Amino acid sequence: MSEIKYNTKHSNDILVYLQDNPGVHLTAQEICRHLNDIGKAVGLTTVYRQIERLVESGLVNKYVMDGSESACYEYIGNDGQGRDKNCFHCKCLECGKLIHLECSEILNLESHILEDHDFVLDMTRTVFYGLCKDCRGKSA
C-alpha cells in the first residue's frame with residue numbers, strides 16, 4: 001500500500017468508503033454527507049484535507065471536469081497506477097452523473113483522430129457529454 005502521511009481515522013474512513021464504491025466518482029460533499037449519515041462526524045474542510053492526502057499518496061484520483069464544478073474522487077488501488085493514462089468519462093447533462101468509461105473502441109477513435117486529423121487527444125481529460133440511462137428513461 002502507498003504510504004499515507006498523517007494517517008488519521010478520518011482519512012481511513014474516507015479511504016474505506018471509496019474502496020467500498022469502486023469505479024464511482026464521489027465529491028467531497030458526498031463523502032462528507034455519507035460519513036455524517038453513518039455517525040462519523042466530520043467537517044467538509046477535514047474531508048478536503050484528508051482526501052488531498054489520499055490523492056498525494058497515489059491511492060485516489062482526482063478529476064476536475066468543467067473547472068467550475070466540484071472535483072470528483074475515485075479509489076484507484078494500492079499500486080497507484082489507476083486509470084491515469086486512458087481516462088474516459090461520460091457526463092450526464094441532466095443530473096451531472098460522471099461515469100467512468102472503459103471501452104477499447106475509444107482507443108480506435110484516438111488513433112483515427114491522430115492519424116486522420118493530426119490531433120493528439122489528452123486522454124486524461126476526455127469527457128463525452130450526453131444523457132445517462134436514468135435521465136433518458138425520465139424523458140421517455
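A residue counts as buried when its relative accessible area is under 20%, as exposed when that area is over 50%, and as partly exposed in between. The structure described here is a predicted model. By the definition above, Asp13 is buried, with a relative accessibility of 11%. Lys9, in contrast, is exposed at 57%, and Lys40 is partly exposed at 30%.

These three residues, Lys9, Asp13 and Lys40, are linked in a network of salt bridges.

The structure contains four salt bridges in total. One of them joins Asp134 to Lys97, with the closest N and O atoms 3.1 Å apart. Asp134 lies in helix H5 (residues 133–139) and Lys97 in the loop between E4 and E5, so this pair ties together parts that are 37 residues apart in sequence. Asp134 is partly exposed, at 47% relative accessibility, and Lys97 is likewise partly exposed, at 33%.

The overall architecture comprises five helices and six strands. Along the sequence, these elements follow the pattern α-β-α-α-β-β-β-β-α-β-α. Of the 140 residues in the protein, 34% are buried. The accessible surface amounts to about 8,600 Å², and carbon and sulfur atoms contribute 49% of this area. Among contacts between residues at least 6 apart in sequence, 54% join residues that are at least 24 apart.

Three of the strands form an open sheet in the order E1-E3-E2, with antiparallel pairing. Its edge strands are E1 (26–27) and E2 (60–63), each of which pairs on one side only. E1 and strand E3 (residues 72–75) run antiparallel and are joined by two bridges. In this pairing, Thr27 stands opposite Cys72 of E3.

Strand E4 (residues 88–92) pairs with both E5 and E6. The pairing of E4 with strand E5 (residues 98–101) is antiparallel and extends over four bridges, and Ile99 in E5 is the bridge partner of Cys90. The hairpin of E4 and E5 has five residues between the strands, and within this hairpin Gly96 adopts a positive phi near 85°. The pairing of E4 with E6, by contrast, is parallel and extends over five bridges; here Gly130 in E6 is the bridge partner of Cys92. E4 is mostly covered, with four of its five residues buried.

A positive phi also occurs at Asp118, where the angle is about 50° although the residue is not a glycine. Most residues other than glycine have a negative phi. Asp118 is located in the loop between helix H4 (104–117) and E6, and is exposed, at 68% relative accessibility.

Strand E6 (residues 126–130) includes Tyr129, which is partly exposed with a relative accessible area of 43%. Together with Leu93 and Leu131, Tyr129 forms a nonpolar patch on the surface, and the accessible area of the three residues comes to about 320 Å².

A search of the whole structure for disulfides finds zero. A disulfide requires two cysteine sulfur atoms within 2.5 Å. For Cys92, the closest cysteine sulfur is that of Cys135, at 3.6 Å, and this separation is too far for a bond.

How values were computed. Residues are numbered from 1 along each chain as its sequence is written. This is a predicted model: local features need pLDDT of at least 70, side-chain atom pairs count only at pLDDT 80 or more; totals for chains, interfaces and linings use all residues. Side-chain values use heavy atoms; hydrogens and water are left out. Patches are made of residues with over 30% relative accessible area and no salt bridge: like charges are joined within 9 Å, nonpolar side chains (Val, Leu, Ile, Met, Phe, Trp, Tyr) within 5 Å. Accessible areas come from the Shrake-Rupley method with a 1.4 Å probe; for residues, only the protein chains shown count as cover. A salt bridge is a side-chain nitrogen of Lys or Arg within 4 Å of a carboxyl oxygen of Asp or Glu. Buried means under 20% relative accessible area, exposed over 50%, partly exposed in between (1.4 Å probe, protein chains only). Two strands pair if DSSP finds at least two bridges between them. Contact means heavy atoms within 4.5 Å.
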